Amino acid sequence: MDVHRFGIKLFAADPASVRLEDFIPVFHGWIQKQNVTEHLLIDVHDYSHMQEGPGILLVAHEGNFSIDMGGGRPGLLYYRKIPTTLSPGEHLATILRSAIEAVRLLERDARVQFNLDEVLVLANDRLNAPNTDASFAELKPSLAAALQKVFEASFDLARTTTDPKERFAVTCRKM
Amino acid sequence: MPTWKETLADKMEPQLAEEIDAFEMQMALRRTGKLDEKVFAETRLRRGCYGQRYDNGHRHDGIKTQELGFLGDMTKGPDTMWDAPGMQRIKIPFGGVTPEQLDTLADLAEEYSDSVLHVTTRQDFQLHYVHIDDTPNLMRRLAAVGITTREACGNSVRNVTACPLSGVCHSEAFDVTPYARASMKFMLGHPDAQGFGRKFKIAFSGCREEACGLTNMHDMGCLAVTRVENGADPAMPKRGFEVYVGGGLGAVPHSAKLFDAFVPEEELLPLTQAIGRVFARLGEKKNRAAARIKFLVAKLGIDEFRRLVHEEMKTMPADPRWTSYIPDVAKYKDTPSKPPAPLNGQQRPDGFEKWFATNVYRQRQQGYAVATVTLPLGDITASQTRQLAEIARRFSADTMRTTVEQNIVLRWVAEADLPELYRELGRIGLNEPGAGTILDVVSCPGTDTCKLGIASSRGLAGEIRTRLADRLFTLDESVRNLHIKISGCFNSCGQHHVADLGFYGTSRTIANRKVPHFQVVLGGKWQDNAGAYGLAIGTVPSKRIPDVIESITSRYVRERNGAETFQDFIKRIGKQACRSMIEPFMDVPGYEKDRSYYSDWGDPREFTIGDMGTGECAGEVISVTQFDLADAERLVFEAQVHLENETFAQADALAYRAMIQAAVSLVKTQFLDVKDDAGVIVDEFRRRFYDTGILGDRYAGNKFAEYLFRRHASPPSEHTRDHAYRVVEEAQLFIEATYACHDSLTERGAAGVFPAPVQTGKAARNL
């Protein structure tokens, strides 16, 4: 599977503790310090007026971070945008590390805790990763290896939805 | 690895597919420095690829201006970094969009943007934070569902807008939809619309009294009218349009002038073409601030402008497309998903009555209604978009419409389905009431993404919405139905001039610190197709604007005379009284006393105007010749690729096409209507540029022209590497010669030696 556009969502441990407006100054502060590794942080966008939208968005050249409200479950959603020369497993591990770095910073700066026992992985590429069993079969080994490498734990992997219009997504739960 | 180009090859119209391939090739040329950045900037703008704030690589972070270290120094326009995120505007003619198209738009928002679609004040969609490298595939996926981004920006005919109630409205003369569509198709890429100094906007309205079409504020406004001609059946009146020209908002708003009280339907397209030709020929090119057609109409006077247009019409070669669509006009109709049914007896969910009162319009077709889906700040998520498409399939007709108030309307909803529709919209967070009310605040993107934004129009709009949301139905009815529109700067993309309460962003310096302000504009008229422009009465700090609204509306409720409208109230009390209403809110406390004034809504950074860039609304003024020559270069580049791939026949054919393209670019400087026929082009080129010696006066004599003549007269009988190589090389040299000739002519023209750079019509043919 030749895909570089992956998304990772890590969920807030206590959804009620997420107040979107609190993240605006936090993200602006990150831009001032440019303190996400290997990311050029560019801008902040407020989508807090939308139901189950991207909430507060931090745009970077390499990928976008948002306090995503999708599915009614707030969390940090990181979308990788730029192409890679890494293998799928290494690429996924890199993306997972970027998402984890962001939640560690949020835990420090926004005082919101995240639950790292569950990871949502999205392939943001309907052409190369359609939402099919075949995509799942192809991605599963790389994804399992990446999760093992980054979290030093095994995860149970399951397709999130079989709706062909939705993006291919895998719900990963720590075993 | 599959590609969208291959996957969608049989789903795209060949012409759309070819245009996108050409754009991709132009991107490749720009990457290698073979295409000038100004030419590329206008090229991408004409494909809807717009710049976005901070794309010059600088951003003030609240403490200092940071250099954004985009990789490399490649640019996609003057002072515009290649890698900087940009905006993609997607044209939706008359706002008509199908569920299938919504599905695709949702996919694109997720995969290339930030999962949000934004509806604009001209019925377009916009995606933000898009990388230019993604745009060819984005365009292919749109083309596969019949959408083009061509001429969504740049100095071109922009989206053709129309009343979203067309065809179902009680007060319209007739449904303007097929005319709006024909107008869009006819003018899209039309050669006579490529040499404008600025953009050109067309709007259609079905009636005079309502606001929907906003014909008075457009470059060309077409208002549906009918007339019974001598001896004709009164039941079958002749269709036509009351046509207005020269309207526009921007920093200096102009009301459109009546061009003709009745233009018969068959004359609509030739008239549009003629107006375009006069605008292209006589409109300002150098001073962008005075380049819209409104300035030309004001300079010439409407009578002289009309005379010139009518003269132009006489010289234009007839085009069958002028009338070929008319027989199909009567066949145009939406297909509802269900039969009509009255709203009787169904159980009505909580909140339904309020939503029904503000968001539902009963169609003139009994048993059907239009339901407005209110989009806060014009935004809808990808997920909502996809689900809205499903809802539309179930309840509505085959098309929805976006609106200039940044909403979406579902038409042909059986009234009996309205309660269930309300529930379904609620499930995805889209059943908010208040469409068309004071809560339905319109805003341009402002400082969120626009390079020209001064103050945060969206931030202010969001704050006003938050404060009014719970109070909407407790407000006096006279206030509830007022319109608020906000622009981030004086350019009026938020249409503040035609709002009851309009605001545009500005800045003031207080003790060496910048403070965001808004100019208050009162009494504009939304109805009567944007019937009157408001009165600017003074600037107020951004943070006090909600208080200003409260104060003005309270006084209006207290002091209005009976059913006096807000416009009449403002006119009656006068500018001085209006100003006195806002004066209590004009003071700015010291920085140490209250720092909140020194930052903008939704943005904790200390306010600065240092992030403003050079806007791209005006585009780059690139001559038609430059575009044609750039296209010739693209073709010869493609020929070189074929040469490398040893596909010699294609290499030869493309090199020949490149020479023809270069030749026609020069011919058109004297004869705009030259036929699209290689033989004619070669003959005209020979007569005008070879026989006269004009081509060769500066660049190697006439010998390069002979390359064209030879290849034209003697196509190869067999395709060999040597032959293809020679033709490709000769094509390159011929294009260089045409560039040199164009430069020479331009210099002489500037010195007054070349008096008629573009002549058209009969005069040109008599050369």
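In helix 2 of chain B, residues B:L16, B:A17, B:I20, B:F23 and B:E24 meet B:P136, B:M139, B:R140 and B:A143 of helix 5 of chain B. Contact requires C-beta atoms, placed from the backbone, within 7 Å. Helices (H or I, at least four residues) and strands (E, at least two) are DSSP runs numbered from the N terminus. The residues of this helix contact comprise seven nonpolar, no polar and two charged. Ala, Val, Leu, Ile, Met, Phe, Trp, Tyr, Cys and Pro count as nonpolar; Asp, Glu, Lys and Arg count as charged; the others, Gly among them, count as polar.

The model is predicted: local features need pLDDT of at least 70, side-chain atom pairs count only at pLDDT 80 or more, and totals for chains, interfaces and linings use all residues. Residues are numbered from 1 along each chain as its sequence is written, while chains are lettered from A and ligands numbered from 1 in the order in which they are written.

Chain A contains three helices and eight strands. Their order along the sequence is β-α-β-β-β-β-α-β-α-β-β. The C-alpha trace of chain A spans about 40 × 30 × 30 Å along its principal axes. Of the contacts in chain A with a separation of 6 or more, 58% join residues 24 or more positions apart.

Between the chains, 32 residues of chain A are in contact with 35 residues of chain B. Helix 1 (23-33), strand 2 (41-47) and strand 3 (55-60) of chain A each give two or more residues to the side that touches chain B. That side of chain A divides into 11 nonpolar, 11 polar and 10 charged residues.

Definitions and conventions
Contact = placed C-beta atoms within 7 Å.
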